[in-house]
Amino acid sequence: MKIKASSANEPAWIESSIRSRLPGELKVLDEIAHNIWWCWNYEATELFANIDRELWNKTEGNPVLFLQRLSSSHLEAITQDKSLMSMINNVYSKFKAYMQEPKRTDVPSIAYFSMEYGLVNILKIYSGGLGVLAGDYIKEASDINVDLTAIGFLYRYGYFTQSLSMEGQQVANYEPQRFDQLPIEQVLDENRKPMILEVPYNNFVVYAHVWSVNIGRIKLYLLDTDIDINSEWDRYITHQLYGGDNENRLKQEYLLGIGGILLLNRLGIKKDVYHCNEGHAALINAQRLANYIQNDGLNFNEALEIVKSSALYTCHTPVPAGHDYFEEPVFSKYMSHFPEKLGISWQELMDMGRANPGSNEKFSMSVFALNTCQEANGVSYLHGEVSKKMFSPVWKGYFPSELHVGYVTNGVHMPTWAASEWRKFYEKHFGDNFYKDQSNSSIWEEIYQVDDEEIWNIRTTLKNRLVQYIRESFKDSWLKNQGDPSKVVSILEKINPNALLIGFGRRFATYKRAHLLFTDLDRLSAIVNNPEYPVQFIYTGKAHPADGGGQGLIKQIVEISRRPEFLGKIIFLENYDMRLAKRLISGVDIWLNTPTRPLEASGTSGEKAEMNGVLNFSVLDGWWYEGYREGAGWALTEKRTYDNQGFQDQLDAATIYSMLENEIIPLYYERNDKKYSPEWVQYIKNSIAQIAPHYTTKRMFDDYINLFYSKLANRSKLLKANNFAVAKELAEWKEEVASNWDAVEVVSVNYDKDLINEGVEVGDIINASLVIDKHDMQGNLGAEIVKLFIDPLTNKEIIEVYPMTLDKTENSKMYFSIELKASEPGRFKYGMRIFPCNKNIPHRMDFAYVKWINP
């Protein structure tokens, strides 16, 4: 037998991570690293950078990984460095003082549910604005010391990392997160083993590990299904944010809603208010209903009163297509076991997610949220108005302007998004109490007393830092995807911190109109190639992997940026994340935003820019519709000239060019003998004094407390008192009204027909009366006149409502009358309607029974 020259099998490895062991006096660093508090406190980030700046940059500002990578000798050296140890102790003392403040008791406690949270760039559980808003909101909850618990997912791959091909095509890369290198902690059970939450789906169980993120004083709990005990399909549930097909989306929303409530039950956490951040979390109310029915012995209608009274739904989407809908067979696959839990039929459950009950519509998570939450809101004034129209089919019989849907305009967490230079500036000029009183505009007005040159110098520092960041961070990737090294060198050389820098960073959806600037390339070339007044544009953003249109826009901009006349003048930065965003919104001079109105629900990137003395140039949409002040930024009108979107785009593009050429660029370059523009600084001062204080999460959170949380908590307490007495009475009343509603009879309707036929003049009195027979229906009815007319100035539909007086009641009959004075000329429509009355319903949409009277 011939002997083989070699024989070997494949290597077998046991993976092990070896970390640095922190000396006792440095254990506090690990405590700080495992609380996201460090990311919005510049003393903490400066501390880590001072320990080892190069390693801090290599770890992308991740303190957990940073501490793991420090060598034993380096750690020992730190303990011997008195200056560093003093800095460590000072930061830790500030952290402990912050953490030890007692929770507020003057505001309700909140459970908050969201599919994504943008807290810091290293924790990839966010994709864009919705997540960053949620992250900012939780940070603010910590700063104002509200009792809040948040629920979300720990995604294995999160949202994608973006790179560009040689052709400028977006490439989506999904990179797994190493949980042991993140500022998170695994939740343990009573036996000190990893907690496993069992979430019963229909005919099978999904198991989830639970992780916690310390966000200052707040706990965020994250569910993770990527564990061995689950099937391959169920492990995938928390693999990707917004990944997979529609069925996987339903599995995710089931886990967030039903699993989220089961997790709170397991942890023994109960809150006053339950807040759904978007319709993704709507199924929390399905499980809450089941809990009250199973644990408290309530029937479905009684449980619904309790659940609604403590639930808020915040919508971030301005178009119906952006909401989640599920075909009945798919929804049945995962929810067919719930009707039995709730004591209702399958048809009744499906109808709770349909604007038209009894139809074959898909199940809408947003409609289900509206039907199970007492309150609902949009995220800006305009979006609130859009939402009323969008949701009006749910409450037939009422006009959009009458709906209870409110709004709270989004804000940003100022300590997170203001560069440290601005933070120190605010602390110096605005005083120690500034952070606790951010909504006080009189404090911000102190900026008018500051020397112009100090403000200009901060702006210059941040512009130089942005340019340096671009040169250091993007050189390697550009060499890979540009092809020609000489072009890369040319770009790096041409990036000019002394130029007027204009930034555009956001999700690349077609309605954002990133292409608008490139409508007239000859005119654009003239703007960016003026040697006396240099202007440069910096673009960044991701398109959803399934959005071909958005990806096409990126490719178009990249191709234009590589043309000789635009090289180094139009720049596209890949992989837009929170780290790049903070550099960009603090380092450019102008933040450009060009959405198709009214498709920008709120937008917050411009608000972040505000905190850094960056001026906004935007369409009057979203938050800028409310925020714009003359002399503090620039606005494109909200009015449409053309129905044809292509023509409107051309007009808006021409307006942008004109405003740049005739207003913005001359203002920026109107320099004095000190080489800065006093007029530009005045714009910055106006912007900070008049706009910034109104768009922080401090103001935003105060609005939620005052408009929604307190109202919900108080009513919920009323309904729960005395073994749910009021809730039971209310449910019984609604059942009784519903069963007798069709039997309510209009006995007579009288009004001044002759006067109306002959023609009413201003000052005339129109008399009307109505007699209703309730028959067996208990309780009272209300009656009212509705006047509808078209405002000739705005062409908008105007609704005015005039209550009728109940003159008397005889047995089951109710007699109403009204004297209506004609106060203005015009063409009007009048209608009469009746509705059930009860002092314990929060608004008409809570029990939207309406009967319009045929005259």
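Of the 855 residues in the chain, 57% are buried, a term that stands for under 20% relative accessible area with a 1.4 Å probe and protein chains only. The model is a predicted one, in which local features need pLDDT of at least 70, side-chain atom pairs count only at pLDDT 80 or more, and totals for chains, interfaces and linings use all residues. Residues are numbered from 1 along each chain as its sequence is written, and side-chain values use heavy atoms, with hydrogens and water left out.

Turning to overall dimensions, a compact globule of 855 residues would have a radius of gyration near 29 Å, and the 30 Å of the chain agrees with this; the radius is taken over C-alpha atoms, and the globule rule is 2.2 Å times the number of residues to the power 0.38. The C-alpha trace spans about 100 × 80 × 65 Å along its principal axes. Among contacts (heavy atoms within 4.5 Å) with a separation of 6 or more, 72% link residues 24 or more positions apart.

The secondary structure comprises 30 helices and 28 strands, defined as DSSP runs numbered from the N terminus, with at least four residues (H or I) for helices and at least two (E) for strands.

Key:
Buried means under 20% relative accessible area, exposed over 50%, partly exposed in between (1.4 Å probe, protein chains only).
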